[in-house]
Amino acid sequence: MQHWLQLADRDPAALRKLVTLAADIKAGRTVPDAIAGKILTMVFFNPSLRTRTSFEAAMARFGGSAICLSVGGDTWQLEHRGGAVMNGAASEHVREAAAVLSRYGDALAVRSFAKMNDAREDARDPVLHGFAEHATVPLINMESAVEHPCQGLADWLTMHERLGDTAGRRFVLSWAPHIKPLPRAVPHSAVLAAAAAGMHVTIAHPSGYQLDPDVITQAEAWTAAAGTTLTVTDQQVAATRAADVVYAKSWGAVGLYGDAPAQAESFRTQADWQITPGHLSATAHLLHCLPVRRNVVISDAALDQHHTTIVDQAENRLWTQAAILQHLFTSQER
Ligand code: CP
């Protein structure tokens, strides 16, 4: 039985096959027939617009069905720590919840964001791995503390659609300001997807906003194997103006976890990192995972100019997740 937890768990060739499968499904060249009759149970610790809807749509469109649970709303509060004395808000442990939900459906999916109190604790991804340990059906990561691998695969498909062959093309992930610190899962998976797609990868961020070193090490290994480069810079405009693809994303500074005033001040002093048309060459494509705060992260003018690409990127969640589901259900049958 396979799980779908992180892009970093796979190799670039395996990821490329999934992108190709997603493109074939989208074009109607193949049908993901293993989805028919299957039940996907989704467990959300955090809100969602795209992830929930695109998974429900993928299951329904190809003859399966989906159950969606909001933790603490539809379900009991869940504990994930081993050995916890459960005398607080949580009435049920992931140990039982994952085992029971596995009996009702054919796959489980979980969204559990980084807590952003302790970077080392987040790097262990304890909720996702708690579910993975106790699930007896394939588990899908719908964004955890470390990665958003479904988003990363959709990002890759979108770049393939815009660029054709992605090999050797220039991908720039640009940090952007926000009103609150966001997790690093999306930028981690975006960087890994671009590296696996054979692109030159540049990560532009102000001092203090570094990504997880393990993710960087993995992305460096993939770029080195592809003969491309991975560069980290604080020279945002020079980087983005030279890019074929600019991926705008905000995330919080690890050193400022728990210090809301300092984080707010950091965003304020770096407000000019907001992506505007001036950051982009005439031929560049702009990506964002959505949701996006207009005129904070990206200006109206830049967003409106690249609206179609960003909506295509969101649509591609549907097709790449159909490919992931097909792959997991097919692997299970073997
Ligand atoms: N990009 C993404 O995962 O969107 P949602 O948070 O709305 O699911």
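# Notebook: helices, sheet and one glutamine

**Entry 1. The α7/α8 pair.** I looked up how α7 and α8 sit against each other, and found a packing angle of about 15° with axes 8 Å apart. This is a predicted model, so I treat every value here as computed from it. Angles under 35 degrees count as roughly parallel, and α7 and α8 are therefore roughly parallel to each other. I noted their crossing as left-handed. From α7, the contact is made by His188, Val191, Leu192, Ala195 and Ala196. From α8, I listed Val215, Gln218, Ala219, Trp222 and Thr223.

**Entry 2. The α6/α7 pair.** Next I took helix α6, residues 149–163. Its axis and that of α7 come within 8 Å and cross at roughly 45°. That makes α6 oblique to α7. I recorded this crossing as right-handed. On the α6 side the contact uses Pro149, Gly152, Asp155, Trp156 and Met159. On the α7 side I found Ser189, Ala190, Ala193, Ala194 and Ala196. Ala196 of α7 is also on my list for the contact with α8.

**Entry 3. The five-stranded sheet.** I then asked which strands make up the open sheet, and in what order. There are five, ordered β9-β8-β7-β10-β11, with parallel pairing. The edges are β9 (230–233) and β11 (285–287), and each of these pairs on one side only. I noted an average twist of 20° from one strand to the next.

I checked one pairing in detail. Strand β7 (residues 170–175) meets strand β8 (residues 200–204) in the parallel sense, over five bridges. Within that pair, leucine 173 stands opposite isoleucine 203 of β8.

**Entry 4. Helices on the sheet.** I went back to α7, residues 185–196, to see what it covers. Helix α7 lies across β7, β8, β9 and β10 (245–249), and runs at about 170° to β7. Helix α8 (residues 213–226) also packs on the sheet, where it touches β8 and β9. Its direction makes about 135° with that of β9.

**Entry 5. Strand β5.** Is strand β5 buried or exposed? I found five of its five residues (107–111) buried, so the strand is largely enclosed by the rest of the structure. In a regular strand the side chains alternate between the two faces of the sheet. I therefore looked at each face of β5 separately, with buried meaning under 20% relative accessible area. Ala107, Ala109 and Arg111 are buried on one side, and Leu108 and Val110 are buried on the other.

I also looked up the partners of β5. Strand β1 (residues 39–44) pairs with β5 in the parallel sense over five bridges. Methionine 42 stands opposite alanine 109 there. Strand β6 (residues 139–141) pairs with β5 as well, in the parallel sense, over three bridges. Leucine 108 has leucine 139 of β6 as its bridge partner.

**Entry 6. Glutamine 236.** Last, I picked out glutamine 236, in helix α9 (residues 236–241). Its relative accessibility is 5%, so glutamine 236 counts as buried. Which side chain does glutamine 236 join in a polar contact? I found histidine 279, at 3.1 Å. Leaving aside residues up to four places away in sequence, glutamine 236 touches Ser174, Trp175, Ala204, Asp272, Trp273, Ile275 and His279.

Notes
Residues numbered from 1 in each chain as written. Predicted model: local features only at pLDDT ≥ 70, side-chain atom pairs only at ≥ 80, totals over all residues. Heavy atoms only, no water. Helix = DSSP H or I, 4+ residues; strand = E, 2+ residues; numbered from the N terminus. Buried < 20%, exposed > 50% of the residue type's maximum accessible area, 1.4 Å probe, protein only. Polar contact = N/O pair within 3.5 Å; in protein donor to acceptor, adjacent residues only side chain to side chain. Contact = heavy atoms within 4.5 Å. Pairing = 2+ DSSP bridges. Axes fitted to C-alpha atoms, helices over the stretch in contact; angles between N-to-C directions. Parallel < 35°, antiparallel > 145°, perpendicular 65-115°, else oblique. Left-handed = near helix turned anticlockwise from the far one by under 90°.
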